[in-house]
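User: Here is a protein model to go through. Please take its confidence, its helices and its core in turn.

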Amino acid sequence: QLHILAVILVVIFLLSNFALQLSAIGRCCEILLVSSMARPENGIYIIQGEVNLVVTAMRRNSRWSSHTHQDDEQDPLINSFSQLKDVLNTISDLDELAPNEFLGAFLEVIRSEDTTGPITGLALSSVNKFLSYRLIDPNTATAGAAIENIADAVTHARFVGTDPSSD
């Protein structure tokens, strides 16, 4: 399972720019070193923070800045984060949630052609954080499917250009 994690991070390494590549190598080594650490008890709050971070970045983007609340419900990317927030507010332990349930919204953003490169990068960073903090329990029956979904999303990531000087 750690080998799969290392492969995912190497793929992230190949998709990112040089500065991020060095960071990814460091993260890969760090994850492998701390792999024996226990999962934090505040995993739900970590995910909620990442949801807020990605959604805020999306709403600041010109595509979503003119959206009303009704538009948010119709937009599949924003709606998936909204549904995830609702689920996170109803559980008391991360073990009540399958990894694909909290990863899904982030993986959709990574795969989407409608998001900009910086937003895709935020979603990738969120997934990296989930892996770093071991929020995906390798002992659950659905961990393998979650890792496969991460690998698929990362290999199909879209970094849509916005402004060449800022991308």
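User: What is the mean pLDDT of the protein?

Analyst: This is a predicted model, in which local features need pLDDT of at least 70 and side-chain atom pairs count only at pLDDT 80 or more, while totals for chains, interfaces and linings use all residues. Residues are numbered from 1 along each chain as its sequence is written, and side-chain values use heavy atoms, with hydrogens and water left out. pLDDT is the predictor's confidence in each residue, from 0 to 100. Of the residues of the protein, 65% reach 70 or more, and the mean pLDDT is 78.

User: How many helices and strands does the secondary structure come to?

Analyst: Helices (H or I, at least four residues) and strands (E, at least two) are DSSP runs, numbered from the N terminus. The elements run α-α-α-α-α-α-α-α-α from the N terminus on. The count is nine helices and zero strands.

User: What distance separates the end C-alpha atoms of helix α3, and what span should its residues give?

Analyst: The expected span of a helix is 1.5 Å times one less than its number of residues. Helix α3 covers residues 43-60, which is 18 residues, so the span should be 26 Å. The end C-alpha atoms agree with this, at 26 Å apart.

User: Which residues have the most contacts inside the largest nonpolar core?

Analyst: A nonpolar core is a set of buried Ala, Val, Leu, Ile, Met, Phe, Trp, Tyr and Cys residues joined through side-chain atoms within 4.5 Å; buried means under 20% relative accessible area, exposed over 50%, and partly exposed in between, with a 1.4 Å probe and protein chains only. The largest such core has 37 residues, and those with the most contacts inside it are Ile47, Phe81, Phe102, Leu103 and Ile150. Two or more residues come from each of α3, α6 (76-88), α7 (99-111), α8 (117-132) and α9 (143-155). To repeat the names asked for: Ile47, Phe81, Phe102, Leu103 and Ile150.

User: With which residues is Leu103 in contact, leaving aside its neighbours within four places in sequence?

Analyst: Leu103 is among the core residues with the most contacts. Beyond those sequence neighbours, its contacts are Val127, Phe130, Ile136, Ala146 and Ile150.

User: Why is the pair of Phe81 and Phe106 edge-to-face?

Analyst: Rings of Phe, Tyr and Trp (its six-membered ring) pair if their centres lie within 6.5 Å; planes under 30 degrees apart count as stacked, over 60 as edge-to-face and the rest as tilted. By this rule there are three aromatic pairs. Phe81 in helix α6 and Phe106 in helix α7 are 25 residues apart in sequence, so their pair ties those parts together. The ring centres are 5.1 Å apart and the pair is edge-to-face because the planes stand at 85°.

User: What is the angle between the planes of Phe102 and Phe130?

Analyst: Phe102 in helix α7 and Phe130 in helix α8 are 28 residues apart, and their pair links distant parts of the chain. Both residues are buried. Their rings form an edge-to-face pair, 5.6 Å centre to centre, and the angle is 85°.

User: Is Leu124 buried or exposed?

Analyst: Leu124 lies in helix α8. Its C-alpha atom is separated by 8.1 Å from that of Leu107, 17 residues away along the chain. With a relative accessible area of 6%, Leu124 is buried.

Terms used: Contact = heavy atoms within 4.5 Å.
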